[in-house]
Amino acid sequence: MLVLAALALPVLGGPVYAQDVSAGVDGAEEQSQGDDFYCGERKLGQWFYCTRPKPAPRPNAEVPQPSAAEKMAAITSQLNELKARAILEPSEENIIAYVRFQREQLDRASTFSDTWQRALWQNPDLDYTLQRPVSTVGKRAWLDNRKADRDAVLESLSQRYGLFYFYAQSCGACEIFGPILRSVADSHGMAVMAVSMDGGPNRDFPNYVVDAGQRARMGVPGNETPALVLFDTATRRTIPVGFGMLSADEIMDRIFTLTNTRVGSDY
């Protein structure tokens, strides 16, 4: 019995056989509290909560890149800061820093402008000057073609449209505008109904009528004279052409634009 007890002592005496488990278990932290027999001698590790596995390393979080608009705002902010610093503290160093940074942005703008122009040359669908030329020769040809189209359209408008001309005998501008409107109406065969706002006659349109609420019923705003309004007999719709003095070309251009062009197509 004494022999058996003596043999059992080494087994039950934990401190005699305690070992450093961390050296024998890969990927584990240093041994924590636990049974020395199971954790030390038998090296059962995390199954008996002797050791804890190391947490997996977190992947590096990707830093979001600034957008183009944010970069542009940063450039503008830096340029303003350098300019303000150069003005408030006009040292040679500050002025050179501002001029140098400004020059970089001018070079960037020049590159953009050059690339823009080359892109338009090579992509005709993007070049608006093909629709509305800006060169002297091209603009002259465009205006001549436009005038021919305008005159042809105005001659056919008389079958559907008429003009209301609101004037006043006391209006000095009306005395100048009346003969201009008369010449346009005669050259294109357009009917004009002159409406007197103050009851006075009109030498250019002797068959005038006195306003008895016609202007308000037509929805023509204000009481300004002269006022020219186009009337569509097909839709019974009034289309104000303009107020105040207009030249003959302006009258014809406006009528053509209002009746035969889509909004935005001319610009």
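The questions below concern a predicted model and cover a histidine, a pair of strands and a pocket.

Visitor: Is His-188 buried or exposed?
Guide: His-188 lies in helix H7, which spans residues 172-188. Its relative accessible area is 9%. The cut-off for a buried residue is under 20%, so His-188 counts as buried.

Visitor: Which residues does His-188 touch, leaving out those up to four places away in sequence? And which side chain does His-188 join in a polar contact of 2.9 Å?
Guide: With those sequence neighbours left out, His-188 touches Asp-151, Leu-154, Glu-155, Ser-158 and Met-252. The polar contact of 2.9 Å runs between side chains, and the partner of His-188 there is Ser-187.

Visitor: In which sense do strands S1 and S2 pair, and what is the bridge partner of Tyr-167 in S2?
Guide: S1 covers residues 161-167, and its pairing with S2 is parallel, over 5 bridges. S2 covers residues 192-196 and is mostly covered, with 4 of its 5 residues buried. The bridge partner of Tyr-167 in S2 is Ser-196.

Visitor: How do the lining residues of the second largest pocket divide, and what is the volume of that pocket?
Guide: Tyr-167 is also one of the residues lining this pocket. Others in the lining include Cys-171, Cys-174, Glu-175, Pro-201 and Arg-203. The lining divides into 5 nonpolar, 2 polar and 3 charged residues. The space in the second largest pocket is about 160 Å³.

How values were computed: Residues are numbered from 1 along each chain as its sequence is written. This is a predicted model: local features need pLDDT of at least 70, side-chain atom pairs count only at pLDDT 80 or more; totals for chains, interfaces and linings use all residues. Side-chain values use heavy atoms; hydrogens and water are left out. On a 1 Å grid over the protein atoms alone, a cavity is a set of points where a 1.4 Å probe fits but cannot get out, and a pocket is an open set with protein on both sides within 12 Å along at least five of seven lines; lining residues have an atom within 4 Å of a point. Grid points are joined across faces, edges and corners, and a volume is the space filled by probe spheres set on the points. Ala, Val, Leu, Ile, Met, Phe, Trp, Tyr, Cys and Pro count as nonpolar, Asp, Glu, Lys and Arg as charged, and the others, Gly among them, as polar. Helices (H or I, at least four residues) and strands (E, at least two) are DSSP runs, numbered from the N terminus. Buried means under 20% relative accessible area, exposed over 50%, partly exposed in between (1.4 Å probe, protein chains only). A polar contact is a pair of N or O atoms within 3.5 Å; within protein, one must be able to donate a hydrogen and the other to accept it, and residues adjacent in sequence count only if both atoms are side-chain atoms. Contact means heavy atoms within 4.5 Å. Two strands pair if DSSP finds at least two bridges between them.
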